[in-house]
Amino acid sequence: MSRNLFITGTGTDIGKTYVAGLIVKKLAQCGKNPGYYKAAMSGNERRADGSLIPGDALFVQQTAGIAQPLEEMCPYVYENAYSPHLASRIEGNPVVMDVVKQGFLEVCGKYDYVTVEGSGGILCPICFDEARIRLEDVVQELNLSSIIIADAGLGTINSVVLTVEYMKTKKLPVKGVIFNHFHPGNVMEEDNIFMCEYMTGLPALAKVKDGDTDLDIDIDVLAGLYEPSGIQRNCRTEGIPCAGDSSAGKGEKR
């Protein structure tokens, strides 16, 4: 049975994909057989044949040096750089929760540590017209614990505390915070991190500087953030082999 972790952020363009790439890279380098999954991606470019390139998945694949196929990393890929609910209204192909769940279970059947990345912040709507689906619904449906990616700079105390408090009200477990765009020795950023820890009771798991190519976190601490998802208890009854089963194929590494 795979172990899984959800990555959300305090907002859009906070660096979730960048940090996700470093996380998956760390797991891969330590032989943890990692996989990556994202329910919906917006703002993607097209290939010469007109097909969409899942840009976030490609970034993680290349950063981490994993051989996981792009087509299994994300079931919904949109061209317009909008919230998925609006992108799908314009382009068609709205998000269906059962499809998201099925894709997740299939990835869990091949990899031991699955990193699931969200779109935008925890309240991001990924479908609206056909069904009311927000990112928090995906987290609940897949029964995942989360970490939060936040900017280290000005304004982050409010953003982090509000995100944590909202997730608490929805009974969404949060393991800690990774701070991106960190500048060592910056007195404001150091105090921001201290205040976020104090006001939320959550640890700062890592501090990521611009241009970092490795995540400064102990591999045992990182791996310990991942937990088996309760949803996987049903995967065998749905005919999907779970990672760790003798019938489950392991993802290749390169």
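Glutamine 29 is exposed in this predicted model, its relative accessible area being 53%, and the residue belongs to helix α1, which covers residues 16-29. Between glutamine 29 and leucine 105 there are 76 residues of sequence separation, and the two C-alpha atoms lie 24 Å apart. Threonine 17 is another residue of helix α1. With a relative accessibility of 14%, threonine 17 is buried, because the limit for that class is under 20%. The C-alpha atoms of threonine 17 and alanine 57 are 8.4 Å apart, although 40 residues separate the pair in sequence.

The loop between strand β1 (3-9) and helix α1 holds aspartate 13. Its phi is near 60°, a positive value in a residue that is not glycine. In general, most residues other than glycine have a negative phi. Aspartate 13 is also exposed, at 72% relative accessible area. Asparagine 93 likewise has a positive phi, of about 60°, without being a glycine. This asparagine is placed in the loop between α3 (84-91) and α4. At 45% relative accessibility, asparagine 93 counts as partly exposed.

The helix packing can be considered next. Two packed helices are described by the angle between their axes and by the distance between those axes. Helix α4 (residues 97-108) packs with helix α5 (residues 135-142) at an angle of about 50°, the axes being 11 Å apart. That angle makes α4 oblique to α5, and the crossing of α4 past α5 is right-handed. For helix α6 (residues 156-169) and α7, the axes come within 9 Å and cross at roughly 25°. Helix α6 is therefore roughly parallel to α7, since angles under 35 degrees fall in that class. The passage of α6 by α7 is a right-handed crossing.

Helix α7 spans residues 187-200 and includes valine 187. Valine 187 is exposed, with 68% relative accessible area. Together with Leu154 and Met188, Val187 forms a nonpolar patch on the surface, and these residues share about 340 Å² of accessible area.

Charged contacts complete the picture. Side chains of opposite charge can pair when their charged atoms come close. Across the whole structure, a search finds 11 salt bridges. One of them joins glutamate 117 to lysine 38, with 3.4 Å between the closest N and O atoms. Glutamate 117 lies in strand β5 (residues 113-121) and lysine 38 in strand β2 (residues 34-38), so this pair ties together parts that are 79 residues apart in sequence. Both glutamate 117 and lysine 38 are buried.

A salt bridge also links glutamate 190 and lysine 207, whose closest N and O atoms are 3.7 Å apart. Because glutamate 190 belongs to helix α7 and lysine 207 to strand β10 (residues 204-207), the contact ties together parts that are 17 residues apart in sequence. Glutamate 190 is partly exposed at 33% relative accessibility, and lysine 207 is partly exposed at 35%.

The side chains of lysine 209 and aspartate 212 meet in a further salt bridge, at 3.4 Å from N to O. Lysine 209 counts as partly exposed at 33% relative accessibility, whereas aspartate 212 counts as buried at 16%. Elsewhere, salt bridges with shared partners join Lys38, Asp56 and Glu117 into one network.

Conventions:
Residues are numbered from 1 along each chain as its sequence is written. This is a predicted model: local features need pLDDT of at least 70, side-chain atom pairs count only at pLDDT 80 or more; totals for chains, interfaces and linings use all residues. Side-chain values use heavy atoms; hydrogens and water are left out. Patches are made of residues with over 30% relative accessible area and no salt bridge: like charges are joined within 9 Å, nonpolar side chains (Val, Leu, Ile, Met, Phe, Trp, Tyr) within 5 Å. Accessible areas come from the Shrake-Rupley method with a 1.4 Å probe; for residues, only the protein chains shown count as cover. A salt bridge is a side-chain nitrogen of Lys or Arg within 4 Å of a carboxyl oxygen of Asp or Glu. Helices (H or I, at least four residues) and strands (E, at least two) are DSSP runs, numbered from the N terminus. Buried means under 20% relative accessible area, exposed over 50%, partly exposed in between (1.4 Å probe, protein chains only). Axes are lines fitted to C-alpha atoms, for helices over the stretch in contact, and angles run from 0 to 180 degrees between N-to-C directions. Angles under 35 degrees count as roughly parallel, over 145 as roughly antiparallel, 65 to 115 as roughly perpendicular and the rest as oblique. A crossing is left-handed if the near helix is turned anticlockwise from the far one by less than a right angle, and right-handed if clockwise.
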